[in-house]
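Okay everyone, have a look at the model on the screen. I'll talk you through a few side chains and where they sit.

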Amino acid sequence: MELNKDCMYCMKDERRDNLMIEICQLEASTVFLFKEQTYTGRCNVVYKDHVKELFQLNPDELAAFMNDVKKVAAAVDKAFQPNKINYGAYGDTLHHLHMHIVPKNEGKENW
């Protein structure tokens, strides 16, 4: 497993723990619930190794990661029944592959 000493996900440090709570380990990732819940159920699916881009994964790794994203989105949908789930794969300041799962509800914040 590749680690990056500057990465809060790799180092499992207070930067990460101040923002989110670890929920579980899946096949290719770890799931975190954001403490800030403007979007109820918002979480992050974080790839197990320090990888910067989706294209760096081989086909099996990519399938496993996307399957984890699918499982988390289905669980969020079941638990919170949002009108829509948005997905975000940003990494401008933190170069560790992760996918935001953002449940959205009509008539609420930024619909």
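Let's start with Lys5, which is exposed, with a relative accessible area of 67%. For that word, exposed means over 50% relative accessible area, buried means under 20%, and partly exposed is in between, using a 1.4 Å probe and protein chains only. Lys5 has a partner: its side chain meets that of Asp6 in a salt bridge, at 3.8 Å from N to O. Asp6 is exposed too, at 55% relative accessibility.

Before I go on, this is a predicted model, where local features need pLDDT of at least 70 and side-chain atom pairs count only at pLDDT 80 or more, while totals for chains, interfaces and linings use all residues. Residues are numbered from 1 along each chain as its sequence is written, and side-chain values use heavy atoms, with hydrogens and water left out.

So what's a salt bridge here? We call it that when a side-chain nitrogen of Lys or Arg is within 4 Å of a carboxyl oxygen of Asp or Glu. The general idea is that side chains of opposite charge can pair when their charged atoms come close.

How many salt bridges does that rule give? The count is three. Besides the one I showed you, Asp13 pairs with Arg15, at 2.7 Å from N to O. Asp13 is buried, at 15% relative accessible area, whereas Arg15 is partly exposed at 36%. Then there's Asp17 with Arg16, where the closest N and O atoms are 3.0 Å apart.

Leu54, Leu62 and Met66 make a nonpolar patch on the surface, with about 200 Å² of accessible area together. Patches take residues with over 30% relative accessible area and no salt bridge, joining nonpolar side chains (Val, Leu, Ile, Met, Phe, Trp, Tyr) within 5 Å and like charges within 9 Å. The areas come from the Shrake-Rupley method with a 1.4 Å probe, and for residues only the protein chains shown count as cover. Met66 is partly exposed at 35% and belongs to helix α3, residues 59–80. Helices (H or I, at least four residues) and strands (E, at least two) are DSSP runs, numbered from the N terminus.

Last stop: Glu109, in the segment after β5 (98–104). Glu109 is partly exposed, at 45%. Setting aside neighbours within four places in sequence, Glu109 is in contact (heavy atoms within 4.5 Å) with Thr38, Tyr39 and Lys104.
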